[in-house]
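Student: I have not seen this structure before. Please take me through how its parts pack.

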Amino acid sequence: DLLLVEGMSLKNEETVSAIHLIQAAERGSTEARKVLRTAGCALGIGITNILHTLNPALVILSGVLAAHNESIVKEVIAQRALPSTQTVEIAVSHLSDPALLGAASMVLDYATRRTY
């Protein structure tokens, strides 16, 4: 009930999803904005840990929340990451199923790798 704002409807049996949170936040719900910010901060902390372990040059965010989390993730990285990892590029994928394409690319890379 805290997430519902004027113009939104949600059936009793319906589970609140990321899309509902985004809609509520766009319509002015401070609770929805808090939930999205908390999720974005948690994602940013997780990505910072990955940066410290693997130091990738690029991190690609995907999914429904990707566009909403990009600025928060960048903010968390700027605050928490080691200076050597803060130059990482953060991009948002607009592909419909990026995980599947990533897996296919790994298979192609492995299959075409030559060993001597």
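**Helix packing**

Tutor: The axes of helix 2 and helix 3 come within 8 Å and cross at roughly 50 degrees. Axes are lines fitted to C-alpha atoms, for helices over the stretch in contact, with angles from 0 to 180 degrees between N-to-C directions. Helices (H or I, at least four residues) and strands (E, at least two) are DSSP runs, numbered from the N terminus. This is a predicted model, in which local features need pLDDT of at least 70 and side-chain atom pairs pLDDT 80 or more, while totals for chains, interfaces and linings use all residues. Residues are numbered from 1 along each chain as its sequence is written, and side-chain values use heavy atoms, leaving out hydrogens and water.

Student: Is helix 2 oblique or parallel to helix 3?

Tutor: The crossing angle is roughly 50 degrees. Under 35 degrees counts as roughly parallel, over 145 as roughly antiparallel, 65 to 115 as roughly perpendicular and the rest as oblique. Helix 2 is therefore, relative to helix 3, oblique.

Student: How do the residues of the contact of helix 2 with helix 3 divide?

Tutor: Contact means heavy atoms within 4.5 Å. Residues making it include Leu-36 and Thr-48 of helix 2, and Val-76 and Arg-80 of helix 3. Ala, Val, Leu, Ile, Met, Phe, Trp, Tyr, Cys and Pro count as nonpolar, Asp, Glu, Lys and Arg as charged, and the others, Gly among them, as polar. The contact of helix 2 with helix 3 has 10 nonpolar, five polar and three charged residues.

Student: Is Thr-48 buried or exposed?

Tutor: Thr-48 lies in helix 2. Beyond its neighbours within four places in sequence, Thr-48 is in contact with Val-76, Ile-77, Arg-80 and Ala-81. Buried means under 20% relative accessible area, exposed over 50%, and partly exposed in between (1.4 Å probe, protein chains only). At a relative accessible area of 4%, Thr-48 is buried.

Student: What do the buried residues of helix 3 pack against?

Tutor: The buried residues of helix 3 are Ala-66, Asn-69, Ile-72, Val-73, Val-76 and Ile-77. They pack against helix 2, strand 1 (58-61) and strand 2 (89-92).

Student: How far apart are the C-alpha atoms of Ser-17 and Val-64?

Tutor: Ser-17 is found in the segment before helix 1. Ser-17 and Val-64 are 47 residues apart along the chain, and their C-alpha atoms are separated by 10.0 Å.
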